[in-house]
There are 2 protein chains.
Amino acid sequence: MALIVQKYGGSSVADTDRIKNVARRIKEYRDQGDQVVVVVSAMKGVTDNLIGLAYDIMPIPTEREMDMLLATGEQTTIALTAMALHAMDIEAVSFTGAQAGIKTDAVHTKAKIQDISPAQIHEALDAGNVVIVAGFQGQTPEGNITTLGRGGSDLSAIALAAAIKADLCQIYTDVDGVYTTDPRVVPDARKLTEIAYDEMLELASLGAKVMQSRSVEFAKKFGVVFEVRSSLNDNPGTIIKEETTDMEGVVVRGASLDKNQAKVTLVAVPDHPGMAARIFKELADAAVNIDMIVQNTSHADEASTDVSFTVEKADLKKAQQLFEGLQSDIGFNEVATDENVAKLSIVGVGMRSHSGIASKMFETLASENVNIGMISTSEIKISVVINLDDSERALKAVHAAFLEDRAFD
Amino acid sequence: MALIVQKYGGSSVADTDRIKNVARRIKEYRDQGDQVVVVVSAMKGVTDNLIGLAYDIMPIPTEREMDMLLATGEQTTIALTAMALHAMDIEAVSFTGAQAGIKTDAVHTKAKIQDISPAQIHEALDAGNVVIVAGFQGQTPEGNITTLGRGGSDLSAIALAAAIKADLCQIYTDVDGVYTTDPRVVPDARKLTEIAYDEMLELASLGAKVMQSRSVEFAKKFGVVFEVRSSLNDNPGTIIKEETTDMEGVVVRGASLDKNQAKVTLVAVPDHPGMAARIFKELADAAVNIDMIVQNTSHADEASTDVSFTVEKADLKKAQQLFEGLQSDIGFNEVATDENVAKLSIVGVGMRSHSGIASKMFETLASENVNIGMISTSEIKISVVINLDDSERALKAVHAAFLEDRAFD
């Protein structure tokens, strides 16, 4: 008998038939004696409909009321899920985020969980119930309803698992788990049986869309082991957990490709102290998120340097206009931009104890005639910016070199 | 400056345009310095959609979860209404029933309000807000969400008006107020400027559909004066209040016609003590609501009596089968039924101090050649059962005799 937290996303509860499927899966665990806490999202499309109503009313809906509005989405799902269990004679009780004791700060629409008081959940579990909790929502100490922002339901599940000391936390989604890379691009991609928090975090931040970084960070902070698996079949998923020594045997855990990058180069920036700080403060003030930064060695004869960085494609125009306006003030020669780029990365905690990974990656790209525009590395990650048109071919080559035909992950 | 409670029903908030209209009306009161508490229903159709989802899941949805589900309807409206006020730079804050301090018993789907703790409402009003409260819902002392059953939003408004000692409670609906009778049947029907609680209660129970009896009873119990008026225009409505001496000057306040009645007669029931009790216990056990009861004088020669009663048309079959099964046991001769009947009633607190009203009503019907099948009276009401085909003509005649051409109500 285990204490399990299960989270089902919007597509898993998209209609009443799928909710009945979810209930059948919960019943399987209940029948084998497990105690189950279920976290559900709003039914697919419901949140967008509610947002549409709000925008019909005002162009920038006020945030406290937006939370009041959006919280109804998950509340609808918990009631229907509890009913679906009742229809199979399983005792169940639904709780809103507030009723489940999820306390947050007062930053409406992107609140942070501050504390969970799970007394009511334990009481309901002890009375023999499956407990259904509305994901994505909580309550301030003053009693105002809040929502947690994107990926909030995953966060609810992981935070609840930590609070009730669950034996297992299962995140049900529409993919089978975490893959070595995107199977739509690389058909040979394999599902991982396990991955370390830090690897998952790097992959999340690199654009692998399985889960938001904040949920993984929360799990890492509180040591919550969780499994990402499909609600559409019974295949085992991928376990995400703290890295262990034997995980270092795998040098590269995954590879990811982010096509949503654009490159900006400020050409011949005067090479003074404080210049980089100036440039990136301007970007921060304009709320442009930058990712990779590379400053090339100074041109010895000119006392100037080229500064390159990548931004999301959506922010490119804004960054370009910003620096064209600052050209004479800062004193560089030109703003060069390139939308035709992509970022290719490999990730693995084993890199810490293995050398030669970078050179093997660069050789692999060279043998495919792929030119490298920028390079950035961390302890467990190597990223390169390459031409967009080469990028899928490059990903396949890198995947073949590091990630295929391994008997054991 | 007054403290006003306004209630808007589902058709008044049916879509975002109508919600904006409601906000404009609230603004008018706010602009003249009033403090306003607004109670809203779910947007028209929303509750039915939610009920449909529940029935997709299970044939008899569990009631705690039904309340959890349905409460989202009003929660959606309060958020949108608050936003609509914000869009006009009016400060406003929304509260669920629980947040508004509405405490109920635990009888899910038809909970009774037990107490209201209006501290949060007063605080929000004092801070300059319009307060928007979700109607139809409350919370048990244990923190479970409840709903109040049919007409629940009216009840929420009247109970809140009592709790915060409002100067005025306005029930906005899609009719202009309470009429002397149904204007669709009698074009000469007039809107009443005022009506006593007891008259309103008799009219409600007689089938005039403006408001549920329980809301009027609650208003009477706590002395809440309220106005029924239209959300579609600025006409004054009808004030419902405790009767005053001068209200007795009006002998008949209104007339109503209920076509949803059927008559059952048990012919030649043995005239023993306890026989009526037996008959009506059988009906109660079968959950058949009866309305009028008439027992005719005994046939002296047979020691038997005819017992007639009226039921809703929907219950006629059930009542008929019930008594056909009991015919030999109870020992009457026959179950006679008549679906082709209607109940015509006149109501007025002035009847208490005036005589001759009944005879004037019977004369009026006689002059129209309308035969009277059953008669029932209370202190402030006279009801007759007549042939359905005569009923509209009879209502017109009675309205003309008692309710037309009065300069003052």
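**Entry 1: helices α1 and α3, chain B**

I began with the handedness of the crossing of α1(B) and α3(B), and I noted it as right-handed. The model is a predicted one, and I kept that in mind for each entry. Next I looked up the axes of α1(B) and α3(B): they come within 9 Å and cross at roughly 60 degrees.

On the side of α1(B) I found B:T16, B:I19, B:K20, B:V22, B:A23 and B:I26. On the side of α3(B) I found B:L80, B:T81, B:A84 and B:L85. Sorted by class, this contact of α1(B) with α3(B) has seven nonpolar, two polar and one charged residues.

I turned to helix α1 (residues 16–31) of chain A and helix α3 (residues 63–86) of chain A, whose axes come within 9 Å and cross at roughly 60 degrees. That angle makes α1(A) oblique to α3(A). For the hand of the crossing, I recorded that α1(A) passes α3(A) in a right-handed way.

From α1(A), I wrote down A:T16, A:I19, A:K20, A:V22, A:A23 and A:I26; they meet A:L80, A:T81, A:A84 and A:L85 in α3(A). My tally by class for the contact of α1(A) with α3(A) is seven nonpolar, two polar and one charged residues.

**Entry 2: where the chains touch**

How many residues of chain B are in contact with chain A? I noted 26 residues of chain B in contact with 26 residues of chain A. On the side of chain B that touches chain A, α1 (16–31), α2 (46–57) and α3 of chain B each supply at least two residues. I marked α3(B) as the source of the largest share of that side, 13 residues. By class, the side of chain B that touches chain A divides into 15 nonpolar, nine polar and two charged residues.

**Entry 3: the sheet of eight strands, chain B**

I traced an open sheet of eight strands in chain B, with the order β3-β6-β2-β1-β9-β11-β12-β10 and mixed pairing. Its edge strands are β3 (92–95) and β10 (194–196) of chain B, each pairing on one side only. From one strand to the next, the twist averages 20 degrees.

Inside this sheet I checked strand β1 (residues 3–8) of chain B, which runs parallel to strand β2 (residues 35–40) of chain B and is joined to β2 by six bridges. For B:I4, I found B:V36 as the bridge partner in β2(B).

I went back to helix α3 (residues 63–86) of chain B and saw that it lies across β2, β3 and β6 (130–134) of chain B. It runs at about 165 degrees to β6(B).

**Entry 4: the sheet of four strands, chain A**

In chain A I looked up an open sheet of four strands with antiparallel pairing, in the order β15-β16-β14-β17. β15 (290–295) and β17 (334–338) of chain A stand at the edges with a single partner strand each, so one side of each has no neighbour in the sheet. Direction ignored, neighbouring strands of this sheet are turned by 20 degrees against each other on average.

I counted four bridges between β15(A) and strand β16 (residues 304–312) of chain A, which run antiparallel. Here A:I290 stands opposite A:V311 in β16(A).

Last, I checked what packs on this sheet: helix α9 (residues 316–330) of chain A touches β14 (261–270), β16 and β17 of chain A. The direction of α9 makes about 165 degrees with that of β17(A).

Methods
Residues are numbered from 1 along each chain as its sequence is written. Chains are lettered from A and ligands numbered from 1 in the order in which they are written. This is a predicted model: local features need pLDDT of at least 70, side-chain atom pairs count only at pLDDT 80 or more; totals for chains, interfaces and linings use all residues. Two strands pair if DSSP finds at least two bridges between them. Axes are lines fitted to C-alpha atoms, for helices over the stretch in contact, and angles run from 0 to 180 degrees between N-to-C directions. Two residues are in contact if their C-beta atoms, placed from the backbone, lie within 7 Å. Ala, Val, Leu, Ile, Met, Phe, Trp, Tyr, Cys and Pro count as nonpolar, Asp, Glu, Lys and Arg as charged, and the others, Gly among them, as polar. Angles under 35 degrees count as roughly parallel, over 145 as roughly antiparallel, 65 to 115 as roughly perpendicular and the rest as oblique. A crossing is left-handed if the near helix is turned anticlockwise from the far one by less than a right angle, and right-handed if clockwise.
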